[in-house]
Amino acid sequence: MPTPAQTAARSATVRAVLLVLTGSISVQVSAALALGLFDSIGVIGTSALRMLISAVVLLAIFRPSFRRRSRDEWVGIVLYGVAMAVMNTLLYLAIDRLPLGIATTIDFLGPCMVALLASRRWREGLLAVLAFAGVALIAGLGGPLDGLGLLFAALAGAGFGVYTLLAARIGKSEGGLENMALSVAVGAILMLPFSVPAAPTVELGQWGILALSAVLGMALAFVVDTMAGRLTSARVIGVL
């Protein structure tokens, strides 16, 4: 019979699965919405405005205090925000140059490597390899390859790996979701040089699509990933 601790750990993992699944679905729906904005707003402009909108939404919901945080907490908050900005921007730049399947497959190397390197037993490492193989089989690896697009996808994957590690760190911190909201604000500040010039190019009818894409693909995804990080480890999140 499993011990109470084992039962609790399994329950937490199941909840983490549901959270990551929710985040994954929201990111894909968001990407489908955002792709239609690339031509008029631009790739980086679209990503930057999504980050800005999600930061405003999350700060309004969680209302984090800027005080009572240690230096280590602020380091984690800033790094998490940088990882968010980097992985989203570079992935969209990759998607603009590569077929979606190839860009996504390379991007998922990041969390899969986190899971592989953090594995303590050979079965855990095998799960990470199988997870990546599943992504590759579903996405397919055919189609034209653009060298710069491949570089963007690889760098996005590195950002995704760092994001996966920090999701567990921020999720388990005392500030939790409030720290996450501050991280999104950091990402939005870093992308202000792109979001401010892009804002006047957005047509009235596009703001609704942009806002929905931001809420689903960033605000909701960041929340559920951080909550999953509180429940389980970066290794498990990487496989999921």
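Which residues line the second largest pocket? In this predicted model, the set is Thr13, Val17, Arg121, Glu124, Leu127, Arg235, Val236, Val239 and Leu240. Helix 1, helix 7 and helix 12 are the elements that each give two or more residues to this lining, and helix 12 gives the most, with 3. Sorted by class, the lining holds 5 nonpolar, 1 polar and 3 charged residues. The space inside comes to about 260 Å³.

Residues are numbered from 1 along each chain as its sequence is written. Local features need pLDDT of at least 70 and side-chain atom pairs count only at pLDDT 80 or more, while totals for chains, interfaces and linings use all residues, and side-chain values use heavy atoms, with hydrogens and water left out. A pocket is an open set of points on a 1 Å grid over the protein atoms alone, where a 1.4 Å probe fits, with protein on both sides within 12 Å along at least five of seven lines; lining residues have an atom within 4 Å of a point. Volume is the space filled by probe spheres set on the points, which are joined across faces, edges and corners. Helices are DSSP runs (H or I, at least four residues), numbered from the N terminus. In the class counts, Ala, Val, Leu, Ile, Met, Phe, Trp, Tyr, Cys and Pro are nonpolar, Asp, Glu, Lys and Arg are charged, and the others, Gly among them, are polar.

As for confidence, pLDDT (the predictor's confidence in each residue, from 0 to 100) has a chain mean of 85, and 98% of residues reach 70 or more. Helix 7 is where confidence is lowest, at a mean of 77, whereas helix 10 (residues 192–198) has the highest, at 94.

The largest pocket has a volume of about 770 Å³. It is lined by 35 residues, and those closest to its centre are Ser24, Val27, Gln28, Phe108 and Phe160. Helix 1 (4–35) gives the most to this lining, with 6 residues.

Phe108 sits in the loop between helix 5 and helix 6. At 24% relative accessibility, Phe108 counts as partly exposed (buried means under 20% relative accessible area, exposed over 50%, partly exposed in between, with a 1.4 Å probe and protein chains only). Setting aside neighbours within four places in sequence, Phe108 is in contact (heavy atoms within 4.5 Å) with Phe132, Val135 and Phe160. Phe108 and Val239 are 131 residues apart in sequence, yet 9.7 Å apart C-alpha to C-alpha.

Ser47, in helix 3 (residues 43–62), is buried, with a relative accessible area of 0%. Leaving out residues up to four places away in sequence, Ser47 touches Asn88, Thr89, Met191 and Met218. Arg63 falls in the loop between helix 3 and helix 4 and is exposed, at 70% relative accessible area. Arg63 also has a positive phi of about 45°, although it is not a glycine.
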